[in-house]
Amino acid sequence: MNTQFTFGATQLRLHRWPLTQPNHSLQAWDAADELILEQALPLCASLQASQQTPVRVLILNDAFGALSCAIGSATPGSTLQHLVQDSVLSQLACRHNRAQNTLPSNEIIELNSLDPLPENPQLVLFKLPANHSYLAFQLAALSKVLTPQSTLLVAAKAKDINRNVLALFTQFIGPTQASLTIKKCRYIETTFQAALARPQLNFPLRWPLDDSHFTLVNHANVFAREKLDIGARFFLQHLPRVAAGSTVIDLGCGNGVLSLQLLQQQPDCHLVLCDESYMAVASAHASIAENLPTQMAQCQFVADDCLTQQADNSADWVICNPPFHQQTAVTTHIASQMFRDAKRVLKTGGRLRIVANRHLPYRLQLEKLFGHCQQLAANPKFVILESIKRS
Ligand SMILES: C[S@@+](CC[C@H](N)C(=O)[O-])C[C@H]1O[C@@H](n2cnc3c(N)ncnc32)[C@H](O)[C@@H]1O
């Protein structure tokens, strides 16, 4: 993997997270980062020259910390950066990359996607999120804290900037246009207008789960926020019958749909709902709180990279509908890490049950890892697989 990021006089080593990546052509920054930095670095330097206090920089969706590290390295000690991320993996990448480039942690304030944004930022560096609901959510939040003195720098791959994206900027920020294409990317040039009739957003979305009396709660960046995922629909028909008192981990819990049904089937179990997305964890928390409030005390909600925070040999079951992409890259390495973590945290005799797209090579992986894997059910698109941890 290319880890040497050179930008003007700035030299950084930047890694993606997790550090072991099967696809060596991927790197921790892209041309849109470079476009943003081309404007941000001189601006930061001139603000720094004209004030005694640190320049207030707000950075949104910096996937692996390239923007934060470059700003910190080019203008050492002279910024206060608020970093907004929905992803625990992005936070871990940013911390790792700052540490390995010996950048101080005291110029960073980490915020998650549901935290209020800081008032009156001087410079906002905005990487476009792939999901337009989340884009609208972030633009609405930004419109409350920007001032006419704030500079908003936005860039993305040209293919990701379409009419809908520009319309959202126009509705929430003000007059907007896209620049010409440079290195397959474009700037979004937008002017903040304080007096603008902005649309009302209805996040979190709530919708009824078919064949149940449950309502699922969905924040703007949670997986399958508008309707039930078809893999999850199949999994709901094949959830395990767990014994009373069992500890079950819902790994990659999303809006908590699998846990809700499991808790209904076995009201006397302990559930750990984990996801790397803060909005997923908040959605799952709200889904359980609103539908099964008396069972909240049996549930723990954790924002985590797979099961890093869970103890070895602690769970009877892990259920999982694994992800098959990270950011915009299609990958199975997160699922592989989930399976390894599941094996570690399961007690002897504990079971991992997953739903998987038929074409993915999970059966082979589970057979290698656990020594066996049973296919419990199948439909034309999905399979239900189970492995038991033997001593
Ligand atoms: C296919 S979705 C399943 C969501 C939900 N369980 C369902 O069935 O609708 C996969 C979930 O895994 C989460 N995820 C991705 N990478 C993760 C990681 N490294 N650690 C924990 N969760 C992760 C995603 O945020 C997403 O919510």
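**Close-up A. Helix α4 at the second largest pocket.** Helix α4 (residues 132-145) contributes the most to the lining of the second largest pocket, with 5 residues. This is a predicted model, like every view below. In total, 14 residues line the second largest pocket, and the ones nearest its centre are Phe137, Ala140, Ala141, Lys144 and Leu201. Sorted by class, the lining of the second largest pocket comes out as 9 nonpolar, 3 polar and 2 charged residues. The space inside the second largest pocket is about 240 Å³. As background for picturing this kind of space, rolling a probe the size of a water molecule over the atoms shows where empty space is left.

**Close-up B. The shell around the ligand.** Here we look at the 19 residues around the ligand, of which Gly252, Asp275, Asp305, Cys306 and Asn321 come nearest. Split by class, the shell around the ligand holds 11 nonpolar, 4 polar and 4 charged residues.

**Close-up C. Backbone atoms facing ligand nitrogens.** Zooming in on the ligand, a backbone N or O atom of Gly252 sits 2.8 Å from a ligand nitrogen atom. For Cys253, a polar backbone atom is 3.4 Å from a nitrogen atom of the ligand. Glu276 also has a polar backbone atom to look for, 3.2 Å from a nitrogen atom of the ligand. On its own the ligand has 590 Å² of accessible area, and the protein covers 93% of that.

Close-up D. Helix α2 (residues 66-74) is largely enclosed by the rest of the structure, because 7 of its 9 residues are buried. To find the buried residues of α2 in the view, look for Ala66, Leu67, Ser68, Cys69, Ala70, Ile71 and Gly72. A handy reminder when reading any helix: an α-helix has 3.6 residues a turn, so residues three or four places apart point the same way.

**Close-up E. Asn61, with a positive phi.** Asn61 is in the loop between β3 (55-60) and α2. Its phi is near 65 degrees, which is a positive value in a residue other than glycine. Is Asn61 buried or exposed? Asn61 counts as buried, because its relative accessibility of 16% falls under the 20% cut-off.

**Close-up F. Ala224, another positive phi.** Ala224 is not a glycine, yet its phi is positive, at about 50 degrees. You'll find Ala224 in the loop between β11 and α6 (230-236). With a relative accessible area of 21%, Ala224 is partly exposed.

**Close-up G. Leu216 and Ser287.** Leu216 has its place in strand β11 (residues 215-218). Leu216 is buried, with a relative accessible area of 0%. How many residues apart in sequence are Leu216 and Ser287? They are 71 residues apart along the sequence, but 5.3 Å apart in space, going C-alpha to C-alpha.

**Close-up H. Lys127 meets Asp33.** Lys127 belongs to strand β6 (residues 123-127). Its relative accessible area is 11%, so Lys127 is buried. The side chain of Lys127 makes a polar contact with the side chain of Asp33, at 3.0 Å.

**Close-up I. Gly371, out in a loop.** Gly371 sits in the loop between α10 (362-370) and β19 (374-378). Gly371 is exposed, and its relative accessible area is 62%.

Close-up J. Start with the cis peptide bond that joins Trp17 and Pro18, where omega is about 0 degrees. Pro18 lies in the loop between β2 (10-13) and α1 (31-49). Then move along to the peptide bond from Phe203 to Pro204, which is cis with omega near -5 degrees. Pro204 is in the loop between β9 (185-190) and β10 (205-208).

Notes. Residues numbered from 1 in each chain as written. Predicted model: local features only at pLDDT ≥ 70, side-chain atom pairs only at ≥ 80, totals over all residues. Heavy atoms only, no water. Buried < 20%, exposed > 50% of the residue type's maximum accessible area, 1.4 Å probe, protein only. Helix = DSSP H or I, 4+ residues; strand = E, 2+ residues; numbered from the N terminus. Near = heavy atom within 4 Å. Polar contact = N/O pair within 3.5 Å; in protein donor to acceptor, adjacent residues only side chain to side chain. Areas by Shrake-Rupley, 256 points an atom, 1.4 Å probe, with all protein chains shown as cover. Nonpolar A, V, L, I, M, F, W, Y, C, P; charged D, E, K, R; others polar. 1 Å grid on protein atoms, 1.4 Å probe; cavity = no way out; pocket = protein on both sides within 12 Å on 5 of 7 lines; lining within 4 Å. Points joined across faces, edges and corners; volume = space filled by probe spheres on them.
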